[in-house]
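This report looks at aromatic rings and at one part of the surface. Please look over the sequence and the structure first.

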Amino acid sequence: MEWLILGGLLIVFMFWSSNNAKKKMQQQIKAREEMEASLEAGTWVHLSNGFYGKIVEINGKVAVLEGPTGEESLWDSNQIVSITEPPFAAVAEGETDENVEDPQDTPAQDAVVAAEVNTPDKDEDNPKTDTTGPDVSAPKI
């Protein structure tokens, strides 16, 4: 008797979870169709690989997107995840490109250059300072 009750509860749970999954799937399909219907030229989109582009043209399942630098490329329209503006950094009023720090002038880069300059040279008289070859001072066995 107990097995019948447990079996019945299991069947009810499986039926309920199946219907719940179907409802979620239908909602996702509806949301996707609404997004696809709102795609038009000039709309910024975000793709599943992280690319942001402005729609130039959509022809079937192929979308022609213009990247932030102006180049155009072809993409599968199924890759479009959302309609959103790219997260460009806001430029404050009066700020120009000269105010932006050059990544080559960082302290880490200066440390690498200093390490390269301060590398000790090979001492011809002392073989232990030669780090490029095998240790010649070790006895051979």
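This is a predicted model: local features need pLDDT of at least 70, side-chain atom pairs count only at pLDDT 80 or more; totals for chains, interfaces and linings use all residues.

Residues are numbered from 1 along each chain as its sequence is written, and side-chain values use heavy atoms, with hydrogens and water left out.

The structure holds two aromatic pairs. Rings of Phe, Tyr and Trp (its six-membered ring) pair if their centres lie within 6.5 Å; planes under 30 degrees apart count as stacked, over 60 as edge-to-face and the rest as tilted.

| Pair | Centre to centre | Angle between planes | Type |
|---|---|---|---|
| Phe 13 and Trp 16 | 6.2 Å | 35° | tilted |
| Phe 51 and Trp 75 | 5.0 Å | 25° | stacked |

Phe 13 and Trp 16 are three residues apart in helix 1 (residues 2–37), so about one helical turn separates them. Helices (H or I, at least four residues) and strands (E, at least two) are DSSP runs, numbered from the N terminus. Phe 13 is partly exposed at 49% relative accessible area, while Trp 16 is exposed at 54%. Here buried means under 20%, exposed over 50%, and partly exposed in between (1.4 Å probe, protein chains only).

The pair of Phe 51 and Trp 75 links distant parts of the chain, 24 residues apart. Phe 51 lies in the loop between strand 1 (44–47) and strand 2 (52–59), and Trp 75 in strand 4 (residues 72–76). Trp 75 is partly exposed, with 22% relative accessibility.

Leu 4 is in helix 1 and is exposed, at 67% relative accessible area.
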